[in-house]
Amino acid sequence: MPDVKHFDPDVTLDQVVTLFWQRGSEVTGIADVVQATGLSRSSLYATFGGKAQLQAAALGRYLERQSRPVFDALAADDRGLPAIAAFFERLVAARCSGEHARWGCLVTNTHATASGGLPEI
């Protein structure tokens with residue numbers, strides 16, 4: 001009989017996305033993830049696999065929830081150059097103020113580190 005999870009993996013993944021995005025996945029260890037989520041290492045490993053698989057899942061979630069909606073809106077905007085200019089204006093504003101100020105892009109930050117070369121990533 002499979003073990004029953006006593007936590008929501010989607011909520012946990014959202015917490016991990018925030019942690020990796022804010023601190024950087026390269027410098028964030030499993031101990032940090034354990035502390036942030038309140039889960040045991042064994043629960044994390046059983047659900048997500050190792051750190052590389054957890055990073056890959058976090059990147060997928062980030063792409064799904066952060067990147068894809070913005071790029072889809074840009075693709076649907078038929079204004080041409082004004083749409084591109086507006087895209088970058090919003091991007092700069094989001095990176096300079098608000099909830100995610102100075103966090104950068106999780107995808108870019110991950111690929112700029114050694115983790116970006118992992119097959120899972």
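How much of the chain over residues 29-48 is helix, and how much is strand? In this predicted model, that stretch is 80% helix and 0% strand. Its end C-alpha atoms sit 14 Å apart.

Now for the largest pocket. The space inside comes to about 410 Å³. There are 16 residues lining this pocket, and Y62, Q66, V70, L91 and R95 are the closest to its centre. Which helix gives the most to the lining? That's α4, with 6 residues.

| Helix | Residues | Share of the lining |
|---|---|---|
| α4 | 51-76 | at least two residues |
| α5 | 81-96 | at least two residues |
| α6 | 106-111 | at least two residues |

Is T110 buried or exposed? T110 counts as buried because its relative accessible area is 2%, and buried means under 20%. Who does T110 touch? Leaving out residues up to four places away in sequence, T110 touches S25, Q55, L59, S115, G116 and I121. With one of these, S25, there's also a polar contact: the side chains of T110 and S25 are joined at 3.5 Å.

Technical notes
Residues numbered from 1 in each chain as written. Predicted model: local features only at pLDDT ≥ 70, side-chain atom pairs only at ≥ 80, totals over all residues. Heavy atoms only, no water. Helix = DSSP H or I, 4+ residues; strand = E, 2+ residues; numbered from the N terminus. 1 Å grid on protein atoms, 1.4 Å probe; cavity = no way out; pocket = protein on both sides within 12 Å on 5 of 7 lines; lining within 4 Å. Points joined across faces, edges and corners; volume = space filled by probe spheres on them. Buried < 20%, exposed > 50% of the residue type's maximum accessible area, 1.4 Å probe, protein only. Polar contact = N/O pair within 3.5 Å; in protein donor to acceptor, adjacent residues only side chain to side chain. Contact = heavy atoms within 4.5 Å.
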